[in-house]
Amino acid sequence: GDAKKDSSNPFYKSKYADLNAIREVTIPVLNSVGIVVTQPIVQVNGKAYVQTTLSHAESGEEMFSQTEVICSKP
């Protein structure tokens, strides 16, 4: 199915599908072919990252990427 474009971008005056909408559509499809998605927070050199891992249940193969968590200070 299509991800619902429920979020608004006032700068471009457009609607978009946010990350949760994308996950709601893609996770069931990935799971149906034996791929599990995990997203733990990991520490690398004192910095926090979200590590997205795709694991194939049958073969045990994995691939991952890391995105640094950046927090703005008030």
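These are legends for a set of close-up views of one predicted model.

In this predicted model, local features need pLDDT of at least 70 and side-chain atom pairs count only at pLDDT 80 or more, while totals for chains, interfaces and linings use all residues. Residues are numbered from 1 along each chain as its sequence is written, and side-chain values use heavy atoms, with hydrogens and water left out.

View 1. Going along the sequence, the pattern reads β-β-α-β-β-β-β. The radius of gyration comes out at 16 Å, well over the 11 Å that the globule rule gives for 74 residues, so the protein is more spread out than a compact globule. (That radius is taken over C-alpha atoms, and the rule is 2.2 Å times the number of residues to the power 0.38.) Along its principal axes, the C-alpha trace spans about 45 × 40 × 15 Å. Of the 74 residues, 11% count as buried; buried means under 20% relative accessible area, exposed means over 50%, and partly exposed is in between, using a 1.4 Å probe and protein chains only. Take the contacts between residues at least 6 apart in sequence: 5% of them join residues at least 24 apart. Contact here means heavy atoms within 4.5 Å. Helices (H or I, at least four residues) and strands (E, at least two) are DSSP runs, numbered from the N terminus.

**View 2. Helix H1 and its bend at Thr26.** H1 takes in residues 19-32, which makes 14 residues. From first C-alpha to last it reaches 20 Å, close to the 20 Å expected at 1.5 Å a residue; the expected span is 1.5 Å times one less than the number of residues. At Thr26 the helix bends by about 30 degrees, and a proline, Pro28, follows within four residues. The bend is the angle between axes fitted to the seven residues ending at a residue and the seven starting there. Just after H1 comes Gly34, with a positive phi of about 85 degrees.

**View 3. The aromatic pair of Phe11 and Tyr12.** A pair of aromatic rings is described by the distance of the centres and the angle of the planes. The structure holds one such pair. For the cut-offs: rings of Phe, Tyr and Trp (its six-membered ring) pair if their centres lie within 6.5 Å, and planes under 30 degrees apart count as stacked, over 60 as edge-to-face and the rest as tilted. Both Phe11 and Tyr12 are exposed.

**View 4. Thr53 and Ser55, two residues of strand S5.** S5 covers residues 47-56. Thr53 is buried, at 7% relative accessible area, and Ser55 is buried too, at 18%. The side chain of Thr53 makes a polar contact of 3.4 Å with that of Gln51, while the side chain of Ser55 makes one of 3.0 Å with that of Glu62. (A polar contact is a pair of N or O atoms within 3.5 Å; within protein, one must be able to donate a hydrogen and the other to accept it, and residues adjacent in sequence count only if both atoms are side-chain atoms.) Setting aside residues up to four places away in sequence, Thr53 touches Val36, Val37, Thr38, Glu62, Met63 and Phe64. On the same terms, Ser55 touches Gly34, Ile35, Val36, Glu61 and Glu62.

**View 5. Ile41 in strand S4.** The strand covers residues 41-44. Ile41 is exposed, with a relative accessible area of 54%. Not counting residues up to four places away in sequence, Ile41 touches Ala48, Tyr49, Val50 and Val69. Gln51 sits 10 residues from Ile41 in sequence, with 6.2 Å between their C-alpha atoms.

**View 6. Asp6, in the segment before strand S1.** S1 is 7-9. Asp6 counts as exposed, at 60% relative accessibility. Leaving out neighbours within four places in sequence, Asp6 is in contact with Lys15 and Tyr16. Asp6 and Asp18 are 12 residues apart along the chain, and their C-alpha atoms are separated by 7.4 Å.

**View 7. Positive phi at Lys13 and Asn45.** Lys13 is in the loop between S1 and strand S2 (14-16). Its phi is near 55 degrees, a positive value in a residue other than glycine, and Lys13 is exposed at 77% relative accessibility. Asn45 belongs to the loop between S4 and S5. Asn45 isn't a glycine either, yet its phi is positive, about 50 degrees; its relative accessible area of 79% makes Asn45 exposed.
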